[in-house]
Structure formats: C-alpha cells, structure tokens
Amino acid sequence: MARSTSRDAEALFHSLRSAYVATPSSLKIIDLYVGFAVFTAVIQVVYMAVVGSFPFNSFLSGVLSCVGTAVLAVCLRIQVNKENKEFKDLPPERAFADFVLCNLVLHLVIMNFLG
Amino acid sequence: MAAAAETSSDRTLRSAFGSVLSFFILLLIGVLAFSIRLFSVIKYESVIHEFDPYFNYRVTQFLTKNGIYDFWNWFDDRTWYPLGRVIGGTVYPGLTLTAGTLWRILNSLNIPLSVETVCVFTAPIFSAFASWAAYLLTKEVKGAGAGLTAAVLLAMVPSYISRSVAGSYDNEAVAIFALIITFYLYIKTLNTGSLFYATLNAIAYFYMVCSWGGYTFIINLIPMHVLLCIVTGRYSSRLYIAYAPLVVLGTLLASLVPVVGFNAVLTSEHFASFLVFIIIHVVALVYYIKGILSAKMFKVAVTLVVSIGLVVCCAVIAVLIALVASSPTMGWSGRSLSLLDPTYASKYIPIIASVSEHQPPTWPSYFMDINVLAFLVPAGIIACFLPLSDASSFAVLYIVTSVYFSGVMVRLMLVFAPAACIMSGIALSQAFDVFTRSIKFQLPGISGKSDFDGGDTSSSSVVAENDAAKPDKSEETLKERPSRKNKKKEKEQVEKASVEKTSTKSKKEKRLLVLPLEASVIALLLLVFLGSFYVVHCVWAAAEAYSAPSIVLTSHSHDGLHVFDDFREAYAWLRHNTEVDDKVASWWDYGYQTTAMANRTVIVDNNTWNNTHIATVGTAMSSPEKAAWEIFNSLDVKYVLVVFGGLVGYPSDDINKFLWMVRIGGGVFPHIKEPDYLRDGQYRIDSQATPTMLNCLMYKLSYYRFVDVDGKGFDRVRRTEIGKKYIKLTHFEEVFTTHHWMVRIYKLKPPRNRIRGKTKKSKTKTSATSSSRKSVARKKNPWH
C-alpha cells in the first residue's frame with residue numbers, strides 16, 4: 001500500500017514537472033514572483049508569531065502587501081496565459097497596464113496605512 | 001451583399017438611436033429621482049430633518065470651517081458630558097466628506113451656497129446617482145431594457161424615498177448609491193475579468209465602508225456568491241479576478257477608515273470573506289492542476305491531497321474556532337448578532353431594541369414601502385433563472401438575503417428596496433418584451449422587422465410608463481381604491497406573462513413567441529396601469545407620508561392647518577437664554593438636536609456608545625424627584641428637557657418612551673425595576689398607575705401644571721385623564737414651555753443656602769434610597 005502510494009506520488013510529480021516545463025518562460029517568471037511574495041509573507045507571519053504583533057498596522061500592511069502582490073500577479077498570470085480561452089481578446093499590454101494600476105493603488109494604500 | 005450592408009448599417013443606426021434615447025431617458029430618470037424628493041422643501045422648508053441628520057450637519061459645519069485634519073482629530077466636548085466623544089474616530093465620514101467636498105467645489109466655482117443647503121440637497125442628488133447605478137447593475141444582469149425599468153422603479157421607490165428626501169441628511173443617503181455601485185462593479189468585473197474594474201470595485205467598496213456600517217452586508221454577500229458559484233461548479237478565472245483583489249484591497253482600504261480600523265481583520269463579520277478567500281485559492285489551484293494534468297493523474301493527485309489536506313484542515317479549523325470562541329460574543333457586534341438571531345437584542349441589549357427602526361417590520365409596511373414591486377419580485381426571480389448566469393445568480397442571492405434582513409429590522413428595508421427594484425425591472429421588461437414582440441409579429445405592416453433587440457422595446461415602454469404616469473398624477477388619488485382590486489389581477493397577468501415566457505424560451509430559442517394579439521394588447525395595457533398605480537402610490541408616499549421633517553409637525557383639523565414648531569422654539573430658547581457652558585439633560589433622542597440647534601452641552605445623545613451613561617439618565621428620569629436631582633446635580637446638569645405630547649396628541653413623546661428608560665436604567669442600576677411602573681403588567685398613567693410611576697421625575701415633569709389647561713388633565717395621546725393632577729415640584733422649577741407644550745424645560749433649583757446639617761441629612765437619606773454609587777460618590781464635590 002505504502003509503496004504504491006509513493007510510486008503514485010512519484011509518477012504524479014513526474015507528470016506535474018513535465019507539464020510545467022512546457023509553460024512559457026514569461027509565465028514562469030510570474031510564478032517565481034508569486035512564490036517570492038508568498039515566501040516573504042510567510043516570513044513576516046513567522047516573525048510576528050515569534051516577536052509579537054505590536055505595531056499591528058505595520059504587520060498587517062507588510063503581510064497584505066505581499067499577499068496583495070501575489071494575488072495581483074496571479075490575476076495577471078491568468079490574463080496573459082495563452083491557453084486560457086476566456087481572455088483571448090484581452091491584449092497582454094492591457095492586462096499589464098491594469099496590473100500596474102492595481103498595484104499602484106495597493107501600495108499607495110499600504111504606504112498610507114503603514115503608520 | 002448590398003442588402004446585408006444595408007441591414008447592418010440600419011442596425012448600427014438603430015443601436016445608436018437606442019443609446020441616445022436611453023441616455024435621455026436616464027437623464028430624465030435622474031431629474032425624476034431628484035425632484036420627487038423635493039416635496040419636503042416645497043411643503044415645509046429647506047431644513048435638516050429628524051435626529052441623526054442634525055449631527056451630520058454639525059460635523060459638516062465643523063469640517064467646512066476647520067478643514068479635514070482638525071476634523072480627524074476633533075474631540076467633541078459638547079456631548080456625553082463629562083466624557084466627551086472623539087468624533088473623528090467614531091463617525092462614518094463618507095457622507096460628511098461628500099457634502100463638504102461638494103460645498104467646497106461649489107464655493108470655488110463662486111456659487112455661494114450655505115452648508116445647510118448643500119446638506120439638504122445631498123440626498124436627492126445621490127438618489128439620482130443611485131438610480132443610474134441601478135441601471136448599470138441591471139444592465140449587466142439582464143440587458144439595457146431591464147436596466148432602464150429598474151432605474152425608473154428605484155428612482156421613486158417609497159422605501160428609499162423615506163430615507164433620502166431633501167433634508168434627510170443621513171448616511172443611508174449616499175450609502176445606497178455606494179452599495180449599488182459596488183455590486184455593479186463586482187458584476188462588471190465578473191463579466192469582463194478585468195483588473196481595472198476590480199480596482200474600481202475596491203474603491204467603491206472603500207466609499208461604502210466610509211459611508212455606512214451596512215458595508216458588512218457587502219463583505220458577506222459577495223463571499224456568499226463566490227461560494228455559491230464554486231459549489232455549483234461555476235468557478236471561472238474571472239471569479240478569481242473579481243474576488244481575490246477585492247478582499248485584499250478592500251480589507252486594507254477598510255482599515256484606513258478610523259471607525260473600522262483593525263475591526264476589518266479582527267471581527268467575525270469579516271471572517272467569512274477571509275475563509276472564502278482561502279477556499280477560492282484552493283479551488284483555483286485545483287482547477288489549474290486539473291488543467292495541466294491528465295485525467296488519470298489528476299485522480300491520483302486528488303486522493304493524495306485529500307488524505308493530507310483533511311488533517312491540515314481539521315487543525316486549522318480547530319485553531320480558528322478556539323480563537324473565535326475565546327471572545328465572549330464570538331467576535332460579533334451586537335447589531336450583527338441581532339440580525340442573525342432576531343431575539344438577541346430584546347433579550348440582552350435593550351438600547352438596540354428600543355430604537356423603532358430596529359424592530360421587525362409589519363406586513364403593511366412592505367406594501368407601503370415597495371408597493372407593487374412585492375408582486376413583481378417573484379416573476380423577476382423566475383426571469384433570472386432563464387438562463388442562469390453568474391450575474392443573475394448574484395441578483396437572486398442579493399434579493400433572498402435582503403428579504404431576510406428586511407424581515408429582521410425595518411431599517412434594512414432600505415437594502416431590500418434596490419434588490420426589489422432590480423427584480424421588478426427585470427420582470428416588467430421581460431413581460432413587455434414578450435407582449436410587444438408578439439404584437440409586432442402579428443401586425444401586418446412591420447412583421448418583417450420583428451427581430452429587434454429587447455432593449456428598444458422596453459425603453460420605449462418606459463417612456464410610455466412615464467407619460468402614462470403624468471396624467472395619472474394630476475388625477476385625484478381617489479382612484480386608488482378601485483386600483484387596489486385591479487392590482488391583484490394585474491399581478492396575475494404579470495406572473496402569467498413571465499410563466500408563459502418561461503415556457504416559450506425553454507421550447508426553442510429561435511421561434512418567436514406569439515400570443516394572441518388581443519391578449520397581449522390587454523396585458524400591455526394592464527401592465528401600464530400597474531406601473532401608473534405604482535407611480536401614483538410613490539408620489540403620494542413622497543408627498544404625504546415621508547416628507548415631514550419631524551422637527552416641524554403639522555396637523556389638519558376642521559379649522560385648518562396647524563403647524564407645531566415647538567422643537568425649534570425650545571432650542572432657540574435654550575440658545576438665547578442659557579449660559580454657553582450649561583449642561584442640558586434629556587433622553588438621548590434629543591441629544592443631537594440640542595447640540596446642533598441649541599449649541600449646549602448634553603449628557604447623552606443618539607450615538608449610544610456608552611450604555612452606563614444612558615442608564616444613568618434613564619435612572620434619573622425614573623427616580624423620585626430628590627434622587628433625580630442628586631444624579632443630575634452630580635452630572636453638573638443645569639436644565640432638564642422633556643418632550644410631552646399630551647396636549648396636542650404627539651405620540652412619540654417621553655412618556656411613551658418611558659418604559660425604555662426604565663428598562664435601560666434598570667439594566668445597570670438594579671434598584672429600578674420595571675414591574676414597579678406597571679399595574680398588572682399594564683403601562684398606565686391614569687389614577688390606576690403605581691405610586692412609583694406617579695412619583696417619578698418623568699411623570700412629574702411631563703404633567704406639571706397640565707391640569708391648568710382644561711381643568712381635567714386629559715392626555716390626548718394616552719386618551720385618559722392623568723392620575724396625579726396637582727403636582728408640586730420641590731427640586732426643579734419650570735423655566736420654559738413651548739407654545740403647544742411639546743417641549744418643557746426645567747431648571748435644577750440650586751441647593752438651599754445654609755445647612756450643613758440639612759444636606760448631611762438628605763445625603764444619608766438619598767444614599768439609602770438610591771443605591772447608585774456614582775451619585776453618592778460624586779455628590780461631595782459641590783459643597784465641601
């Protein structure tokens with residue numbers, strides 16, 4: 001039982017990797033960006049758990065900045081993905097402009113909230 | 001080829017014509033929405049209405065005078081004496097900032113309007129905006145025709161008029177607009193999947209958070225819709241784009257508003273959105289992996305993930321539950337709890353239950369407030385299911401939840417009204433669509449052109465409705481009686497229509513529905529009648545029922561019109577005849593008005609943030625004279641103001657509110673017991689009343705010298721003769737009573753000269769009678 005599960009898992013990882021290799025490199029960059037943002041958020045949460053959440057607005061703006069960046073990047077990734085049929089008629093330039101605008105708003109708010 | 005080009009150009013011309021037409025219709029709708037709310041200005045005068053608007057007006061005045069930074073830091077020492085109140089951090093600033101900005105813009109354009117005028121007209125302006133927003137929202141759900149109909153309906157729905165007549169300068173005036181525009185932008189984002197609209201959506205949500213505490217409705221409704229979409233298998237990446245940025249940006253923006261602050265992440269009202277935020281990420285990941293894996297591999301992945309994921313989920317949920325349960329009210333605020341459990345407020349928080357707009361509504365009030373829409377809504381819901389899209393499922397969810405909330409609190413009828421308008425707009429427009437289409441198909445001359453889009457038809461029908469409305473308005477309202485009967489029939493017609501529509505649509509897409517010519521003509525006429533009854537009712541409601549400003553009252557009697565302007569008389573008296581720093585005690589209802597109109601310090605006001613303080617005033621009002629004097633004196637009160645309607649029959653006076661004072665006072669100071677004021681469970685003020693009742697301060701202040709008026713002391717509100725006719729006041733003296741006796745102002749007599757021994761004696765006595773620790777503790781100061 002255990003062996004078959006581990007074999008399955010192996011096969012799964014293999015096919016996942018092979019499927020992922022095929023994605024275009026621009027999307028991979030976005031994925032890296034998302035991963036980095038999430039990683040930063042996790043670090044901050046761990047720090048908060050260890051040290052305490054005293055300047056709560058700073059903690060909140062730090063974490064939400066990372067989460068927000070990640071979410072927006074995921075949105076961008078969805079929109080520029082060629083395989084996604086829903087956004088066929090949305091040019092990637094437009095998607096990127098929206099992304100920048102949204103980020104601008106996000107970080108203006110965060111700077112305001114940072115305290 | 002040429003023919004095809006001709007038809008296409010014909011079509012573009014037609015659509016251009018349609019959009020110009022709908023633009024003008026929208027303009028007219030805006031004018032209608034604005035002007036139907038001016039009855040109060042025309043019939044009375046341009047004044048601020050009721051209670052809360054006076055506070056908002058005062059804040060706006062402060063804002064325009066001192067600027068935004070002073071406004072954020074404003075500590076108001078005129079209320080809640082001796083505590084004071086931090087205004088900047090405890091108000092929803094949206095309305096004030098809106099009106100302040102409006103005033104500033106007008107002034108910079110050299111249009112010198114007073115702040116009061118701007119405040120009076122803010123609500124009508126924003127109701128015009130709200131009907132445009134309703135057009136946009138309904139257009140996203142069901143097309144332009146339904147949008148126009150919904151906008152017309154919303155422009156004059158009585159429920160909304162009741163909160164947005166000129167002068168009713170309250171948060172709801174701008175909040176309904178913000179609510180609808182937020183929903184519109186959410187639906188728009190959902191339909192287009194554009195981040196641009198998602199940003200706008202977050203900003204609209206921010207405006208809503210600024211404006212009204214009802215924003216929690218949005219932040220719970222949208223996650224519910226997302227969850228619904230996920231559960232019913234309608235997840236799409238557009239849903240992700242519509243929701244995920246909204247949660248992050250919305251939470252951050254909401255925490256910028258001082259009154260919300262960290263509540264945006266710490267209270268349970270917002271947890272649903274975070275939970276759904278996590279769920280949508282999991283779902284998005286699952287869909288993504290499903291996309292890149294083969295079916296067999298996906299199955300393997302699912303079994304793996306489920307076995308691991310379950311363990312993790314259980315742990316997380318356990319932690320969450322422990323966190324939430326550690327706070328006594330589960331992290332919910334009292335108002336939200338009383339929404340979820342309608343009996344909660346009456347059990348635990350009398351101060352929420354005591355406000356009449358927090359009571360559940362009665363059935364007639366539905367008919368009064370949304371009129372024929374109540375019958376059209378079911379048809380609209382049916383129309384939304386054909387076919388069900390993401391947008392129309394949102395509309396259905398919106399109306400279902402808002403029906404529930406309106407059933408709990410009469411105030412939330414206001415949230416329900418836009419939903420009802422949208423649904424009825426959809427129903428009416430679909431019905432018109434079907435009827436006009438079948439007429440057109442059967443009329444010989446134009447049958448060739450029968451395949452035009454629905455937008456045009458219903459927009460023209462809207463015009464017809466408008467036109468039909470105007471002659472009807474001029475006709476006398478006597479017509480209403482027979483119309484009631486017809487209404488039932490029409491409702492059946494409408495429902496039949498929609499049902500018929502149902503059947504046809506499901507039959508075949510292409511084949512046109514053909515109803516018999518006569519039947520559809522009659523049905524159309526009936527629908528137009530229905531619309532005109534609605535218009536007649538709305539105009540009546542706007543003119544008669546909802547335009548009274550409640551600070552100026554009128555009554556019609558056989559010898560003409562009487563105007564009772566007692567409130568302003570009393571406040572003007574206070575303003576001109578008392579010292580600037582004098583403190584005035586009254587029940588909290590009149591606090592805002594006293595600070596705004598009389599510019600005197602009050603003990604409690606309509607912002608009921610400190611229950612103990614209100615209970616102290618309630619206790620004073622329900623105590624005997626001497627004990628009451630002690631309490632008031634300890635609070636440094638100079639004047640006591642009571643509202644009395646017994647002479648003119650004004651029902652919402654202090655005697656009718658008195659039981660709430662007893663309840664709220666008794667909730668904190670247990671020596672005040674409600675049964676002491678009731679004779680066999682009945683509240684009465686005649687000779688059968690209990691001695692506690694007859695000796696309490698409120699009774700004495702209300703009925704002092706009342707017997708002099710007619711010799712009997714007949715109370716026209718309670719319709720009895722009062723129980724104790726000849727009242728002698730020992731610790732208070734009457735200083736002012738208004739023309740119709742509606743407001744009576746008493747002054748606390750100063751403590752008698754001399755008399756160390758005597759005060760000592762009275763002190764020991766009062767401490768025996770009133771166990772209020774506060775009064776005893778504070779009492780020492782004035783004399784020693």
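Which residues is Phe183(B) in contact with, leaving aside its neighbours within four places in sequence? In this predicted model, the contacts of Phe183(B) are Leu137(B), Phe217(B), Ile218(B), Leu221(B), Ile222(B), Phe394(B) and Tyr398(B).

The largest nonpolar core has 237 residues, and the members that touch the most others are Phe183(B), Phe632(B) and Phe732(B). Helix H21 of chain B, residues 413-442, gives this core its largest share, 17 residues. Another core lies apart from it and has nine residues, including Phe62(B), Trp74(B), Ile87(B) and Tyr592(B).

A further residue to look at in chain B is Thr594(B), which lies in helix H26, residues 591-598. Thr594(B) has a relative accessible area of 0%. Because buried means under 20% relative accessible area, Thr594(B) counts as buried. Not counting residues up to four places away in sequence, Thr594(B) touches Tyr571(B), Leu574(B) and Val584(B), and also Asn599(B), Arg600(B) and Val602(B).

An unreviewed UniProt entry lists residues 32-50, 56-76 and 96-114 of chain A under "transmembrane region". In the model, residues 32-50 of chain A are 100% helix and 0% strand, with the end C-alpha atoms 27 Å apart. Residues 56-76 of chain A are likewise 100% helix and 0% strand, and the end C-alpha atoms of that span lie 29 Å apart.

How values were computed:
Residues numbered from 1 in each chain as written. Chains lettered and ligands numbered in written order. Predicted model: local features only at pLDDT ≥ 70, side-chain atom pairs only at ≥ 80, totals over all residues. Heavy atoms only, no water. Core = buried A, V, L, I, M, F, W, Y, C linked by side-chain atoms within 4.5 Å. Buried < 20%, exposed > 50% of the residue type's maximum accessible area, 1.4 Å probe, protein only. Helix = DSSP H or I, 4+ residues; strand = E, 2+ residues; numbered from the N terminus. Contact = heavy atoms within 4.5 Å. UniProt positions renumbered as here; feature names shortened; annotations may be inferred.
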